[in-house]
Number of protein chains: 2
Amino acid sequence: MLAVTILGNNSALPAFDRHPTSQVVTMDDQIFLVDCGEGTQTQMARYKIRRSKINHIFISHLHGDHYFGLIGLLTSMGLLGRTQEMHVFAPAPLQDIIHLQLKVADVHLPYALHFHPLQQEGILVRESKFEVSCFPVFHRIECWGFIFREVRPFRRVNPEKARQHEVPSSFFDRLKWGEDYLRKDGVLVSNQLVTEPAAKARSYAYSADTLFDERVAASVKGVDMLYHETTYLKDLEQQAGKRFHSTTTQAATIARLAGVQRLLIGHFSSKYEKLSPFETEAREVFPNTELAAEGVTYKI
Amino acid sequence: MLAVTILGNNSALPAFDRHPTSQVVTMDDQIFLVDCGEGTQTQMARYKIRRSKINHIFISHLHGDHYFGLIGLLTSMGLLGRTQEMHVFAPAPLQDIIHLQLKVADVHLPYALHFHPLQQEGILVRESKFEVSCFPVFHRIECWGFIFREVRPFRRVNPEKARQHEVPSSFFDRLKWGEDYLRKDGVLVSNQLVTEPAAKARSYAYSADTLFDERVAASVKGVDMLYHETTYLKDLEQQAGKRFHSTTTQAATIARLAGVQRLLIGHFSSKYEKLSPFETEAREVFPNTELAAEGVTYKI
């Protein structure tokens with residue numbers, strides 16, 4: 001199970017009942033919060049996101065529409081009696097802001113809040129069944145994208161064939177990772193004889209706020225689904241560049257260059273009430289594009 | 001015209017579609033924002049509050065449910081092209097928080113933001129037709145209440161009588177403030193001969209978050225309407241005291257001691273879904289009590 005649920009798909013200002021950026025990525029029984037604009041805790045309640053499943057929060061950059069809801073969420077979790085540890089991954093100055101806000105309120109959270117400043121491209125969280133990594137994107141201030149990958153064996157054991165070839169079940173886990181089995185009688189059982197290809201491990205990339213840059217395509221190469229911002233329609237390419245944002249055509253071009261399966265677009269400017277032209281324009285370049293709609297879960 | 005519109009009537013956590021504390025006070029053609037919990041900008045849009053009329057914001061204290069929406073509102077105003085000056089009155093550390101948040105985002109507001117740290121009881125704003133003052137209340141951290149008063153003459157000129165007694169119209173403004181008129185022929189025209197009592201200048205007090213303390217009654221003595229918090233029903237008086245909050249009975253007692261005309265109660269704990277018991281309990285002590293309902297404007 002890998003899926004993303006959109007809590008906010010708008011840029012900068014709340015408008016037309018669209019909210020600033022936030023989304024949750026579900027991997028198995030864990031939920032990862034990605035960005036946290038103002039009102040995210042209310043959106044979570046509206047869409048019945050289980051906060052107790054969230055132990056990791058990733059903040060791409062320190063423009064308000066991506067994090068002003070974080071301090072409210074963290075303090076509410078405290079008021080609701082949370083005791084589990086929480087890990088926040090974000091640009092370094094966020095730690096000072098949060099600490100200052102807790103200090104002036106004389107609030108002591110009842111849970112441990114671990115702050116991990118984002119410093120370089122690479123893996124942030126590695127657990128048995130998934131990993132999360134970050135990569136730089138190109139915005140007016142320091143900004144990071146995130147990739148969520150399932151970690152799973154790439155072969156599936158055929159137990160009947162394994163028994164025929166006298167491979168003990170204690171070796172099955174190693175078969176799943178592609179090892180051959182050397183029998184005590186010296187016979188080498190080739191992995192391919194007793195396994196089949198497993199379902200592919202899935203991946204999702206969130207590329208945050210960025211101008212059009214082919215390095216983003218390189219970073220997200222081959223993911224199953226890419227979320228790319230489309231603040232503007234294609235006629236405003238110049239404005240997009242000046243503000244370190246992207247257009248529909250640019251987002252779709254990145255998806256094509258990266259060879260992803262699907263493209264999800266969001267971070268729409270408040271100047272647009274109707275969103276359908278975003279989908280139309282992006283599909284001209286990358287047909288498998290969908291608008292990120294609030295409250296909708298996209299399974300990967 | 002003096003009126004208050006409730007944008008948020010809940011304490012601490014958003015719950016049951018109730019929002020954290022915020023309200024706007026309208027005096028003639030100006031709007032004053034009082035506290036600004038998370039989501040206030042969205043509540044303003046919902047209830048069609050005209051942001052361009054807001055030039056003064058008052059923050060009672062630095063618990064998040066009273067100010068986490070401020071930075072989002074201030075930056076949105078900038079994005080929407082505001083150029084008018086804005087005055088924020090709040091406990092001193094808020095200035096550091098706002099400056100830090102603007103700095104890390106590399107945001108430069110297109111309008112002047114004047115920060116006025118609250119330091120002592122007294123008048124904060126004095127204009128020709130109104131004044132706003134602050135007074136200390138008694139919470140876990142530094143906390144202030146605010147009083148909004150119309151400034152208006154207390155006599156109304158009867159133009160016919162004034163003419164009969166040969167008072168020139170150029171003296172009418174002074175008549176309104178109670179002066180007698182000395183005619184050139186030496187006759188003293190007593191003010192009461194040519195004026196009548198004017199409508200009383202109205203006043204509204206917001207007493208923020210506070211435990212029960214008779215000094216609050218002294219500070220708000222005689223106002224037309226008092227907003228007093230009632231975080232808890234009366235059976236939780238002990239808990240209220242421990243958390244520096246008040247119960248229904250305590251709020252109503254303050255209203256009675258202060259001799260106010262009307263009491264508005266709010267800041268309800270998220271533990272209560274039904275609010276009618278708050279009204280019932282408060283009215284036992286102070287009959288002219290109303291629940292502060294979101295989106296409702298209370299004229300004073």
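**View 1. The exposed residue D17(B) in its loop.** D17(B) is exposed, having 10 other C-beta atoms within 10 Å; here a residue counts as buried if 20 or more other C-beta atoms lie within 10 Å of its own, as exposed if 12 or fewer do, and as partly exposed in between, with C-beta atoms placed from the backbone. D17(B) sits in the loop that joins β1 (2-8) to β2 (22-27) of chain B, where helices (H or I, at least four residues) and strands (E, at least two) are DSSP runs numbered from the N terminus. Its phi is near 55°, a positive value in a residue other than glycine. Most residues other than glycine have a negative phi. The model shown in every view is predicted, so that local features need pLDDT of at least 70 and side-chain atom pairs count only at pLDDT 80 or more, while totals for chains, interfaces and linings use all residues. Residues are numbered from 1 along each chain as its sequence is written, and chains are lettered from A and ligands numbered from 1 in the order in which they are written.

**View 2. The buried residue A208(B) in its loop.** A208(B) lies in the loop between β14 (203-206) and α7 (214-219) of chain B. Its phi is near 60°, a positive value in a residue other than glycine. Is A208(B) buried or exposed? With 29 C-beta neighbours inside 10 Å, A208(B) counts as buried.

**View 3. The surroundings of R152(B).** R152(B) belongs to the loop between β9 (144-150) and β10 (155-157) of chain B, and with 16 C-beta neighbours inside 10 Å it counts as partly exposed. Leaving aside residues up to four places away in sequence, R152(B) touches K129(B), A198(B) and A201(B), contact being defined by C-beta atoms, placed from the backbone, that lie within 7 Å. R152(B) and A201(B) are 49 residues apart along the chain, yet their C-alpha atoms are separated by 5.8 Å.

**View 4. Strand β1(A) and its two partners.** Strand β1 (residues 2-8) of chain A is mostly covered, with six of its seven residues buried. β1(A) runs antiparallel to strand β2 (residues 22-27) of chain A, to which six bridges join it; two strands are said to pair if DSSP finds at least two bridges between them. In this pairing V4(A) stands opposite V25(A) in β2(A). β1(A) also pairs in the antiparallel sense with strand β18 (residues 297-299) of chain A, over three bridges, and there T5(A) is placed opposite T297(A) in β18(A).

**View 5. The parallel pair β4(A) and β5(A).** Strand β5 (residues 86-90) of chain A is mostly covered, since four of its five residues are buried. Strand β4 (residues 54-58) of chain A pairs with β5(A) in the parallel sense over three bridges, and I57(A) stands opposite V88(A) in β5(A).

**View 6. The contact between chain B and chain A.** The contact takes 27 residues from chain B and 27 residues from chain A. On the side of chain B that touches chain A, the elements that give two or more residues are α1 (40-46), α2 (70-79) and α3 (93-104) of chain B, and α3(B) gives the most, with six residues. By class, this side of chain B has 13 nonpolar, ten polar and four charged residues, where Ala, Val, Leu, Ile, Met, Phe, Trp, Tyr, Cys and Pro count as nonpolar, Asp, Glu, Lys and Arg as charged, and the others, Gly among them, as polar. The predictor gives the complex an ipTM of 0.89 and a pTM of 0.91.

**View 7. The axis that relates the two chains.** The same surface serves both copies, as 100% of the contact residues of chain B recur in chain A.

Terms used: Two residues are in contact if their C-beta atoms, placed from the backbone, lie within 7 Å.
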